[in-house]
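Hi,

Here is the structure I said I would pass on. Have a look first, and my notes follow below.

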Amino acid sequence: MTEPDETPKGLNAVAEAAKQAPGRGLPPVHLWNPAHCGAIDIVIRRDGVWMHEGSPIGREALVRLFSTVLRLDPDGYHLVTPVEKMKIEVEDLPFRAVAVRREGEDLIFTTDVGDEVRAGADDPLVVDEDPETGEPAPRVHVRRDLWARITRAVFYELVEAAEEADGRLVVRSGGQVFPLGAVA
């Protein structure tokens, strides 16, 4: 007589895999190569709200848990466990940089899922131009191929703290110079 398969599936598998990371560490999703299991109805909206089957995921701890097993592959964003890979939709970038603070000479960004990122060579701050509006579209690298959109309020803080260099506003962090845009 065979035992029923008790391997967690779907959202339960994602939650179980994320719990394997000690403390606030991250599971080694870059090392996992499970079979693609299809799509799951999770959308990370442009405003950073995580939706499941059309409703917001209200538990911050659950969103944090899911964020730790998020990976960007050539075919899009996925929640990845050692045994499953489920595609999700991301309308813009998966995270939002909701706070910034100065620590010595460095800028430390905090994301909406609790990650802290020190801007520097490995985690650059990039300001693109939104092709539709022409407005700045700032972002900061979080980990692997995952980025956080810098919120408008945080960008204004950066602009206030910026210095002028060669006709551009710049900020410095991690021994790097990051241009924010031309001086108006």
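How much space lies in the second largest pocket? About 250 Å³. A pocket here is an open set of points on a 1 Å grid over the protein atoms alone, where a 1.4 Å probe fits, with protein on both sides within 12 Å along at least five of seven lines, and lining residues have an atom within 4 Å of a point. The volume is the space filled by probe spheres set on the points, which are joined across faces, edges and corners.

Before the rest: this is a predicted model, where local features need pLDDT of at least 70 and side-chain atom pairs pLDDT 80 or more, while totals for chains, interfaces and linings use all residues. Numbering runs from 1 along each chain as its sequence is written, and side-chain values use heavy atoms, without hydrogens or water.

Back to that second largest pocket: 17 residues line it, and Val127, Pro136, Leu180, Gly181 and Ala182 lie nearest its centre. The lining splits into 11 nonpolar (Ala, Val, Leu, Ile, Met, Phe, Trp, Tyr, Cys, Pro), 4 charged (Asp, Glu, Lys, Arg) and 2 polar residues (the others, Gly among them).

The largest pocket holds about 480 Å³. Of its 20 lining residues, Glu135, Pro136, Ala137, Pro138 and Arg149 are the closest to its centre. By class, that lining has 10 charged, 8 nonpolar and 2 polar residues.

Leaving aside neighbours within four places in sequence, valine 80 is in contact (heavy atoms within 4.5 Å) with Val29, Trp32, Pro34, Val69, Arg71 and Lys85.

Cheers
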